[in-house]
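Here is a friendly walk through one protein chain, written for someone who likes to check geometry for themselves. Keep the viewer open as you read.

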Amino acid sequence: MMTEDTRQLVEQYLEADRKYTLYVQRMEEKLQQVTDERDRLATEREQLAKENERLATAKDLADKKRIHTTKERDRLAKENERLKRILFSNPNKAVYSMKNSPRGVALIINNVNFRGLPSRVEAEADTDRLATVFSSFGFIVKTLEDLDHSKMVDVMIKQGEDDHSNYDCFICCIMSHGTTGKVFSSNGVGLDIRELIKPLNAHNCTTLKGKPKLFFIQACQGERHQSPERTDSLFDAAVTSTFIAKEADIFYGLATVPGYTAIRHDYGAPYVHHLASTLERFGRTHDLLTMMTMVNNNMNASEQGRLVSSFHSTLRKKVYLCKVT
């Protein structure tokens, strides 16, 4: 039979063994947790390595694509310049020089409100359309609105008196009511277009001699209707073409054909819309007459064949609005 001392020693041993067992279990649990964390970190490290490899591959592909795109852009730019040199140096395809900066003056006259005549509703936006596109080609844009007959005449005389020696081209856009061969001032006076632009001919403005002078007219040229839409017409007139220039280097662009009205929509004039969009899209690659043929086609197509614009030219060479040396 155990003595009391022996029994106490056994109990102490058993308690120490129990505590040790619990300690070992806790250590094993912690070891397992550390092992699991190590494995998790190893897995994450492996995943990160794969992601870094994927990103490096993607970056390499992106760099190669960027280099390829840059080379292709440079190649196309060089090819474009090469084609320009071939085109502009071809003696059989003479081109007006367009090397000065500014390129020239682009005068825009938009008569919207009239005394005694109906207003040209929704016509104001056309000024901005034309101003934006001509300024993009390096022209000095001058916009005027609601000019009476004396101011319209004075403006054209002033342009004819100005020195255009350092310019390559002159552009004038007139938007108003009209009839055959005429446009109307804001006080209702009909002005003969050929007389109005006479101060800018080679005789009166020698600094524009031999240089292209481009006139774009958004105004009716008669009373006959190509379309039942809102028009810029006031009076009837004989169907005769008055746009026959008596000298070289003149271009007339008309929103309609002689004897017919020119329409406007809620967004403005279709002719101005197609003119501005065509010049903006193709003005750095196509010559003027090619683009104006596009305008004629777009006018006809967009209005279901009911409308057509027109132009008359005595230009001796091709006109490119982009830089041509």
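## Cysteines

Cys322 has a relative accessibility of 6%, so this residue counts as buried. The cut-off behind that label is under 20% relative accessible area. Bear in mind throughout that this is a predicted model.

How many disulfides does a search of the whole structure find? The search returns 0. Cys172, for one, is in no disulfide, and the nearest cysteine sulfur, that of Cys173, is 6.7 Å away. A disulfide here would need the two sulfur atoms within 2.5 Å. Cys172 also counts as buried, because its relative accessibility is 0%.

## The chain as a whole

Stepping back, the protein chain has 6 helices and 11 strands. It has 325 residues, and buried residues make up 40% of them.

The contacts can be sorted by separation along the sequence. Taking those in the protein chain with a separation of 6 or more, 79% come from residues 24 or more positions apart.

## Helix H2 against helix H5

Two packed helices are described by the angle between their axes and the distance between the axes. For helix H2 (residues 125-136) and helix H5 (residues 270-282), the axes come within 9 Å and cross at roughly 15°. Angles under 35 degrees count as roughly parallel, and H2 and H5 are therefore roughly parallel to each other. The crossing in which H2 passes H5 is left-handed.

Which residues bring H2 and H5 together? On the H2 side they are Asp126, Arg129, Leu130, Val133 and Phe134, and these meet Val272, His273, Leu275, Ala276, Leu279 and Glu280 in H5. Sorted by class, this contact of H2 with H5 holds 7 nonpolar, 1 polar and 3 charged residues.

## Helix H5 against helix H6

H5 also packs with helix H6 (residues 288-302): their axes come within 9 Å and cross at roughly 135°. That angle makes H5 oblique to H6. H5 passes H6 in a right-handed crossing, whereas the crossing of H2 with H5 is left-handed.

From H5, the residues in this contact are Pro270, Tyr271, His274, Leu275, Thr278, Leu279 and Phe282. Their partners in H6 are Met291, Met292, Met294, Val295, Asn298, Met299 and Ser302. The classes here are 10 nonpolar, 4 polar and no charged residues.

## Backbone features in the loops

Now for some backbone torsions. A cis peptide bond joins Ser101 and Pro102, with omega at about 5°. Pro102 sits in the loop between helix H1 (4-89) and strand S1 (104-110).

Two aspartates also deserve a look. Asp146 is not a glycine, yet it has a positive phi of about 55°. Its place is in the loop between strand S2 (139-145) and helix H3 (149-161). Asp249, likewise not a glycine, has a positive phi of about 70°, and it lies in the loop between strand S8 (222-224) and strand S9 (250-254).

Is Asp249 buried or exposed? Asp249 is buried, because its relative accessible area is 5%. Asp146 has a relative accessibility of 25%, so it counts as partly exposed.

Technical notes. Residues numbered from 1 in each chain as written. Predicted model: local features only at pLDDT ≥ 70, side-chain atom pairs only at ≥ 80, totals over all residues. Heavy atoms only, no water. Axes fitted to C-alpha atoms, helices over the stretch in contact; angles between N-to-C directions. Helix = DSSP H or I, 4+ residues; strand = E, 2+ residues; numbered from the N terminus. Parallel < 35°, antiparallel > 145°, perpendicular 65-115°, else oblique. Left-handed = near helix turned anticlockwise from the far one by under 90°. Contact = heavy atoms within 4.5 Å. Nonpolar A, V, L, I, M, F, W, Y, C, P; charged D, E, K, R; others polar. Buried < 20%, exposed > 50% of the residue type's maximum accessible area, 1.4 Å probe, protein only.
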